[in-house]
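Visitor: Please show me the structure, and then let us go through some of its side chains.

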Amino acid sequence: GGGGNLRIYREEHSAPSYPSPSYSPSPWLFSQPATSAFPTIRRFRSDVGLAGHPFPPFKASMVLKANSLDSFMGLMCSGRIPDGDGKMPALVQPNSGQIASFRIVETMDDHMDVIHLVFRPLYLFPSWTAPRDFVLYRFWKYEDDGTYQVCLDSGQHVDCPRVEGYVRGEMHSVYTIAPLKKRKNKRGSRGAVRAGSTPTTSNTASEPPYGNLSNEECLLSHVVQIDPRGWVPTTSSLPFFRNQGYGDAFAIMALHQMLDVKEALDSTRFVAVLMDSVAHHNNNQHSNNFRVGQGERRAKMPR
């Protein structure tokens, strides 16, 4: 399924190579260390979702017309709610025109912070649902192959209590940003020069690794698993409602945040057009005066 030009996939269980312990929360989104005190938990193919949760993970990808560094900065900054001296604003809601927005609750270090993510209300037949919010520990890293990873995991924070009017859900998600592969010549060697020319250090030094800055295109992928909490059915006692995809709708809504990132990056490539309401009003007034003048001239013409 999907929407907004997104192809959305439901994640599948990985091979049953794990034992079947009772479910216990684990802080490891990926393969946990052998020395971890937490029990091994059945996961999905992406190693992001946990099999003990009531709803499966969903995945979507899209190509962005920007290099991976700009895309990473857009992902980290797009949708941020301006905060006043680190305090929770009186009115917490998504920014205008965005599916979801966030504020930074605390910066832990250069690679980790805590954010408060708020969504818009979602219509699920036959009524609107209360908007969801999440307290997420967000950490990120850059790999030697030129890719970025941004991981978000639900938690609690003393500076982010529950907000009236919102239902606090639980989320586990990972964003990945992958640059284009470096092209190879016919001989299969990388970075070869033309025949008859001599390679120089300036040519090789000017090329950034994996083309992160030279390639104006990258692949943004998002895997997300959400438990929306609230009244959304999660048990087999209400099979009809559970089969309507009510819980899945929140994950699909979260995947559509990628469209906000794409729109923010696309807007930087074009000239900004300012909508001047005063000029628009003056143009309308001028047009009305022109029509009135034409009417008066017609009335004065002899018949």
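Visitor: Are Phe-119 and Phe-134 buried or exposed?
Guide: This is a predicted model, in which local features need pLDDT of at least 70, side-chain atom pairs count only at pLDDT 80 or more, and totals for chains, interfaces and linings use all residues. Residues are numbered from 1 along each chain as its sequence is written, and side-chain values use heavy atoms, with hydrogens and water left out. Relative accessible area decides the class: under 20% is buried, over 50% exposed, and in between partly exposed (1.4 Å probe, protein chains only). Phe-119 and Phe-134 are both buried.

Visitor: What kind of pair do the rings of Tyr-142 and Tyr-148 form?
Guide: Rings of Phe, Tyr and Trp (its six-membered ring) pair if their centres lie within 6.5 Å; planes under 30 degrees apart are stacked, over 60 edge-to-face, and the rest tilted. Here the centres are 4.9 Å apart and the planes stand at 55 degrees, so the pair of Tyr-142 and Tyr-148 is tilted.

Visitor: Why does Tyr-148 count as buried?
Guide: The cut-off for buried is under 20% relative accessible area. Tyr-148 is buried because its relative accessible area is 9%.

Visitor: In β11, which residue is the bridge partner of Phe-58?
Guide: Strands are DSSP runs of E, at least two residues, numbered from the N terminus, and two strands pair if DSSP finds at least two bridges between them. Strands β2 and β11 run antiparallel, joined by seven bridges. The partner of Phe-58 in β11 is Val-224.

How values were computed: Helices (H or I, at least four residues) and strands (E, at least two) are DSSP runs, numbered from the N terminus.
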